[in-house]
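Here are a few exercises to work through with the model open beside you. Try each one before you read its solution.

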Amino acid sequence: MQRIIAIVAIVALGVSFASAQSCQTCLSDNDVYCHNQTSYQNCMKNAPVGSVVQCPNGTVCSNSDEVCVSSSQLTSTILDVCGTSGSNGAMCEVCSTNAKYACVSNSSYARCSSSGDLLTSNVYSCGTDEICVIQALSIYDTLCVPACAAEFVDISATCSNSVYEPITTTAAPATTPSAEEKQQACSVGEASSSASYFFVRNTDDSTCNSYLYCQKSGTDWVALFMTCGSSKPFFDTTTSKCVETKPASCS
């Protein structure tokens with residue numbers, strides 16, 4: 001009976017869930033394109049426009065109207081869009097303010113400490129055919145919901161990974177270009193672009209994880225060193241975007 005009630009409640013109120021927000025896409029909530037945790041562009045017609053803006057120290061790019069918010073302002077609906085959980089989802093493995101639990105896979109969760117740390121010494125599993133949806137906790141007092149009901153109202157699990165694995169630190173690209181090298185790379189890239197700003201690959205990075213944002217300022221360049229997120233780790237020179245699969249241009 002409880003399962004039936006849960007299904008009915010989710011179907012009836014499914015629209016109250018926050019819409020999905022992803023790193024390196026134009027967000028539906030605030031028309032912002034988060035390049036990574038600390039930089040963004042505005043979006044128009046579902047495409048990034050204008051200069052890349054750096055968030056102030058101590059803030060992250062979010063789906064809120066303020067865009068850059070501190071970690072204390074994160075909630076189940078205000079998200080660290082390019083958060084540390086990377087490809088597993090913006091709110092995966094994230095303890096928001098005053099949260100007691102966080103999803104760590106599509107069907108498991110862990111407790112949060114009073115200081116906001118994820119306690120992964122014990123990971124708990126949802127029931128058979130249930131998925132972990134962090135937004136459900138504040139609405140239905142449970143974060144494990146029947147997968148069939150969630151599918152019916154087009155609600156996805158908070159985490160895309162099926163098994164929880166502790167986050168490991170990935171080394172930064174071996175070579176960060178100097179100011180002179182960035183100016184030179186932008187000058188070379190200008191020949192193939194007529195746009196007011198553009199992106200070029202960091203040719204010294206054999207992993208193709210990093211790239212440069214170039215915008216002309218007088219006779220010089222505003223050149224920002226940037227890296228692709230873990231969900232789309234490769235910069236594709238053909239599309240000037242970060243992609244999931246290593247492109248042929250990366251050699």
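A contact here means heavy atoms within 4.5 Å. This is a predicted model, in which local features need pLDDT of at least 70 and side-chain atom pairs count only at pLDDT 80 or more, while totals for chains, interfaces and linings use all residues. Residues are numbered from 1 along each chain as its sequence is written, and side-chain values use heavy atoms, with hydrogens and water left out.

**Exercise 1.** Find out which residues Cys 34 is in contact with, leaving aside neighbours within four places in sequence.

Solution. Start at Cys 34 and list its partners: Cys 23, Gln 24, Thr 25, Leu 27, Ser 39, Tyr 40, Cys 61, Ser 62, Val 81 and Cys 82.

**Exercise 2.** Work out how many disulfides the structure holds, then take three of them apart.

Solution. Count pairs of cysteine sulfur atoms within 2.5 Å, which is what a disulfide means here. For the details you'll need two more terms. Helices (H or I, at least four residues) and strands (E, at least two) are DSSP runs, numbered from the N terminus. Buried is under 20% relative accessible area, exposed is over 50%, and partly exposed is in between (1.4 Å probe, protein chains only).

- Cys 55 and Cys 68 are joined with an S to S distance of 2.0 Å. This pair links distant parts of the chain, 13 residues apart: Cys 55 sits in the loop between β3 (47–54) and β4 (59–61), and Cys 68 in strand β5 (residues 68–70). The S-S torsion is about -70 degrees, so this disulfide is left-handed. Cys 55 and Cys 68 are buried.
- Cys 95 pairs with Cys 112 at 2.1 Å, S to S. Cys 95 is in the loop between β5 and β6 (101–105), Cys 112 is in strand β7 (residues 108–112), and 17 residues separate them. With a torsion of about -90 degrees, this disulfide is left-handed. Both cysteines are buried.
- Cys 186 bonds to Cys 214, S to S 2.0 Å. Here helix α4 (residues 179–190) holds Cys 186 and strand β12 (residues 210–217) holds Cys 214, 28 residues apart. The torsion is about -80 degrees, so the disulfide is left-handed.

**Exercise 3.** Decide whether Cys 186, Cys 214 and Cys 148 are buried, partly exposed or exposed.

Solution. Cys 186 has a relative accessible area of 0%, so it is buried. Cys 214 is also at 0%, and therefore counts as buried. Cys 148 reaches 45%, so it counts as partly exposed. For the chain as a whole, 41% of the 251 residues count as buried.
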